Amino acid sequence: MKENKPEKGSFSDMTEKVKGFFIRLFAAIRDFFTRSYIAVKRFFIRGKAEPQIPEEALSGGTVVFSGAAQALGGKKKPDIPEEELTGKGREPHTIYKKARGSRPFILQLLVTISKVAILAILTICMIGFGAVLGLANGYLESTPDLDLEQLTENDLTSNIYAADGTLLTTYAGMENRYYATLEEIPDLLEQAVIAIEDVRFYHHSGVDFKRLLSSFIGNLTGSSSAGGSTITQQLIKNQILSNERSYKRKIQEAYLALQLEQEYEKEQILEAYLNIIPLGGTNYGVKAAAKDYFGKELDELTLREMACLAGITQYPSAYSPRYVYYTLKDTTKLDRRIELVLNAMYTAGYISLEERNAALEDEFTVIEVSTTNQMYSYPHFVEYAISDVITQLLEYRGLEYNSTNKAAIENELRTSGYSIYTTLDPNLQTTLQDTIENYDAYPGLRNSEMNTIKQSDGSIIIQPQAAAVIIDQSTGQIKAMVGSRYTPTAKLTNNRTVTNRMPVGSSIKPIAVYGPAFEKGYSGATIMDNILLPIPGWETDEGYPTTSKGTLGPVTLRSAVVGSWNNVAARTLMYLTTIEDAVSSLVNLGIDPEHINKDGVGLALGSSGISMLELTAAYSAIANGGEYIEPISFTRVEDPNGNIVLSADMAQERHEAFSPGAAYMLVDILENAVRSGTGRTARIDGMTVAGKTGSVANERGVVFAGFTPYYTSALWIGHDNFERLEKGVSGSKTAAPLWQSYMEKIHRDLADKDILDGDYSDYGLVRETVCSVSGLLPTESCYLDPNHVPVTDYFLRGYAPEVECTIHQPEMICTVSGMICGPYCPLETQQAGSVVVLPEGSEYYQLETEELLGYFPNLRLPADPETGEDMTVSCTIHTPEWAENQILLANAIAEANDAISSAESFISSHESTLPGDHRNRITSAIGDLKTAIGSETPDVETIRTLTSALTQRVEEAKTELDNTPNEDDNNGFDWFG
């Protein structure tokens, strides 16, 4: 750069700019009229010029191309001599032959007229030059600076990919763009654009003055409407200036084009241009158009398809292939345009005649619906992924989460040419979606009129609805997401996995109640009293859950989870976990605190609104050994150069939600719940499954949340308006079977393994046996209680009990009643056992004695505080009444045995004379009496009655015998007189 160059922006600088520009313009005008004069003279001396395309070429003759033109590899410039393009290197006198004789008069006249015309035009130009110079100076003063970055900064369409790399959809703004380097763009496509748009591209310095003035004259005379802008000028117009039709814009455009050619190489200018040219619809640039119209990458295009793309830019709305083929349904104009491009390529030497003719005969297929307007697959997942990226970018950049910032990030995603790689597994997504859509056992509704909901747009939504999420718990990656019962046919429909925050019922218990309790040192063997008494802090009219069920009395927390016993969950929350810790646990697991009901019903019974995505992520933390990994729908976002804009590692939050030991206990108990508890209908043959059902009060929804060694998933079924489902629905009957249906398919080819690797000791746990009443170390007396057998379970190391049980004490127990022996219990029914001695102030003493003894048959009651009388209830079978009855029974049995002995002797002594009917009656009576005596519960009155009956039968037989004559009396003769 020269040292004395005027300062940029100064008056002298602007003057130099204007002067230089118009010197070049004037030289071009002079050259144009000189060549016009020569052309007129040549016409009358030598005849008309030859056609641009030789006749033999169009009729099938042979055209000889230079080696460069025939080569297909590498970038090619048109093989046209520079003097033919610019007029340089030619002198006018070399064109004409020496005149022979005088010129014809008409020729002399025309030559003279031409000279006068040229002189007049030049004179006018000189006169106006001063005025134009001032005007141009004003135009150039307002010319924007040449911003080289602006030339390559374009809105680029982003792509969204599945986890396996398959393209899910494009994500564009108002313009569909993909950037392609010159190396990506085929030579023939570059050449097609140059041939039809700017054949002298490689020979001008930004402004093709010859073409510009030809266009100017043509427009004035009406002989042509062609523009005179070069590719460089079009790039300037599209990227820096505007489409304003004015001399001001033209002058500024030409000036900047000349500047640009000094800053950029031709290849850089061409690359930028090929990426910004409008090609119909929302397509800008050749790569976007190739994808959108033909569904092809650039290197897959045919010559005819390339010619089509090159031809569109002159009139994008008219030459758009989609418009021509499917709206206009008449390809005539487009075919002519393609032919024009092919002819231009042939004339410039880019293709051979054979290639031209083959392309004219070729055909192509145009995609009917633009990919930018098509309904993409897996809409709920794709739309959530976009939202997820926006949210994570805002957080990563420290921006406030508001509508303005969200809109800005969304626009960035649409227009930056990003590649968004999601975590979606197409196979899992398809399986989940198809299973939910085709499931045939959805429950009905109490009110059949609510089976559908009519939307404001007239569409109908079938009820009940469903929503489910699948997460890989080891990474937090969302693998599948279905937010409605049927696959959406429109964009941005209700994705219930994130928008619906419905009650989740008992599926909240492990994460809000039992998990936090285990963190405090409690375990599955911890004893909780399942009794229907008011619970302090439980804010309902009854004071405790009215839907309580299960074994009453002392129970373990493990059995309470497996059986989903509401009363135990409520008491555990209020006595062990606390409201504050339950809320903290949920928040720590990613549950939105705004939707947590901070009361007993909300935390122990699941009336809090939790989305399926939140619930799945929370259960994933359990399956992941206690580590919460924020659920993520993408792995990375890359810019067009492959630079990482955002990655899962940059975005995902990880922290310990449960200690490894607490998580291990939860996993083990939830496996138990599926093996033998309320989750039995979720079992998968050959695969370890853990999970928990959830049934919302009054049949207003059902849930199942569970996991395997591979995936965690939560499923909700319910009505969008919280209407009641049919009577009898539950998480076990309704949600778990559908969960099992899709999870079984997903795991069909996966090998079973433990959900958590390693032994329980690896998680800081010990196994300990405890008394099932006190929860302390069992004594011999604890083992002697048949009603409450000691249990063995896991404990966090350092939290297992070290004190022996004091509730069980040795005592003789009646084997018949199972109660403490009384004074009348027979010795044979007495054995060594134990009694339960509840501590003073136990809640159990609020119960009626009869109910209390139902829980503890071997209970020793304290003495009456007023009378000091022993209140213990001993055996209720062996009572004084029982003892008195035993005496009577013994007497009755003795009498019965005497009667039997006497009857049997009578039969024996009268065996030959006793009639058969009497013998049978006596024998039958003896049998009845013996049966009564041998009964497990012989009855005195029965024995007495049967004894009397036997005696009566014998007496009847004796009477019969007495009335029967002796055989000797039949002779009627007394031999001894």
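View 1. For the protein chain, pLDDT averages 85, and 80% of the residues score at least 70. This is a predicted model, in which local features need pLDDT of at least 70 and side-chain atom pairs count only at pLDDT 80 or more, while totals for chains, interfaces and linings use all residues. Residues are numbered from 1 along each chain as its sequence is written, and side-chain values use heavy atoms, leaving out hydrogens and water.

**View 2. Helix α33, residues 880–909.** Let's follow this helix (a DSSP run of H or I, at least four residues, numbered from the N terminus). Its 30 residues reach 44 Å from first C-alpha to last, close to the 44 Å expected at 1.5 Å a residue; the expected span is 1.5 Å times one less than the number of residues.

**View 3. The surroundings of E843.** E843 lies in the loop between β22 (830–836; strands are DSSP runs of E, at least two residues) and α32 (849–855). Beyond its neighbours within four places in sequence, E843 contacts I531, L533, P534, R571 and Y575. D529 is 314 residues away from E843 in sequence, yet 8.9 Å away in space, C-alpha to C-alpha.

Definitions and conventions:
pLDDT is the predictor's confidence in each residue, from 0 to 100. Contact means heavy atoms within 4.5 Å.
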